[in-house]
Amino acid sequence: MTFTKGFASAAATVLTGAALCLAAPGTAHAEDPCQLGWSNVGPRSCAMNEVRTAPVATLGNGVCVGLLNVQGTAFDGPLISPSVAPGATHSIALIVSQGFSPLGNWAPTLLACDVNLIVDWTNLDNGATGSLTRFIPAGNTSTYPIQDVVVHTGPGRVSLTVRTDKPNLPQTAEVFVP
């Protein structure tokens, strides 16, 4: 076999394989229950919506000035163990970190203080409300965020207000919980 013939054969094989991948990316069936990796079980809508607030500027203990970063995912559940909330359904799992590092992991984190995070929520569809308080140590930076803040809101449009128990600039976000 000549080099030209071998190259043409290899190129044709690669192009055919690429075409097949584009034409038939998977064999999912509508009646199959959604399994998102190992984190969820049971029939699900597979809907997951991201939520993120602007950073909450706050005063911490003493004369400390801090920033809380809050983001998360609204899900329909149920979650299995070892998740942040085994059995949770129609909730929002939040990830909370503090401060920022101008050089990433290579520099210290600035604007991190010990504070109590308060999450107030209102389900705009059914009128349910609630509040959750969680202590956030200054050491929980973006490298080591707190990942087990779960807000059990029920399904529907939910308004979240994130604040602290010290003087702060609260932030609000709206998300649809499937």
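Is aspartate 148 buried, partly exposed or exposed? In this predicted model, aspartate 148 is partly exposed, because its relative accessible area is 39%, a value that falls between the 20% limit for buried residues and the 50% limit for exposed ones. The side chain of aspartate 148 meets that of arginine 134 in a salt bridge, with 2.9 Å from N to O. This pair links distant parts of the chain, since arginine 134 belongs to strand β6 and aspartate 148 to strand β7, 14 residues apart. Arginine 134 is likewise partly exposed, with a relative accessible area of 27%.

The setting of this pair is a protein with one helix and ten strands. Read from the N terminus, the order of the elements is α-β-β-β-β-β-β-β-β-β-β. The protein has 178 residues, and buried residues make up 30% of them. Its accessible surface comes to about 10,300 Å², and carbon and sulfur atoms account for 63% of that area. Among contacts with a separation of 6 or more, 58% are between residues 24 or more positions apart.

The surroundings of leucine 160 illustrate the arrangement: beyond residues up to four places away in sequence, leucine 160 touches Val51, Ile92, Leu94, Val119, Asp120, Trp121, Gln171, Thr172 and Ala173.

A disulfide is a covalent bond between the sulfur atoms of two cysteines. A search of the whole structure finds one, formed by cysteine 64 and cysteine 113, whose sulfur atoms are 1.7 Å apart. The torsion about the S-S bond is about -90°, and the disulfide is therefore left-handed. Cysteine 64 lies in the loop between β2 (56-59) and β3, while cysteine 113 lies in the loop between β4 and β5, so the bond ties together parts that are 49 residues apart in sequence. Cysteine 64 is partly exposed, at 21% relative accessible area, whereas cysteine 113 is buried, at 2%.

Glycine 66 also belongs to this region. Glycine 66 counts as buried because its relative accessibility is 2%. Leaving aside neighbours within four places in sequence, glycine 66 is in contact with Val56, Ala57, Thr58, Leu111, Ala112 and Cys113.

Leu111 takes part in a surface feature as well. Together with Leu59, Val65, Phe100 and Leu110, it makes a nonpolar surface patch of about 390 Å². Leucine 110 is placed in the loop between β4 and β5, and at 39% relative accessibility it counts as partly exposed. Serine 97, in strand β4, is buried by contrast, at 10% relative accessibility. Leaving aside neighbours within four places in sequence, serine 97 is in contact with Leu67, Leu68, Asn69, Asn140, Thr141, Ser142 and Pro145.

The account now returns to charged side chains. Side chains of opposite charge can pair when their charged atoms come close. The count of salt bridges comes to four. One of them joins arginine 163 and aspartate 120, at 2.7 Å from N to O. Arginine 163 is partly exposed, with a relative accessible area of 29%.

Another salt bridge joins aspartate 125 and arginine 157, at 3.1 Å from N to O. Because aspartate 125 lies in the loop between β5 and β6 (129-136) and arginine 157 in strand β8, the pair ties together parts that are 32 residues apart in sequence. Both partners are partly exposed: aspartate 125 has 45% relative accessibility, and arginine 157 has a relative accessible area of 36%.

Note on methods: Residues numbered from 1 in each chain as written. Predicted model: local features only at pLDDT ≥ 70, side-chain atom pairs only at ≥ 80, totals over all residues. Heavy atoms only, no water. Buried < 20%, exposed > 50% of the residue type's maximum accessible area, 1.4 Å probe, protein only. Contact = heavy atoms within 4.5 Å. Disulfide = S-S within 2.5 Å. Helix = DSSP H or I, 4+ residues; strand = E, 2+ residues; numbered from the N terminus. Patch = residues over 30% accessible without salt bridge, like charges linked within 9 Å, V, L, I, M, F, W, Y side chains within 5 Å. Areas by Shrake-Rupley, 256 points an atom, 1.4 Å probe, with all protein chains shown as cover.
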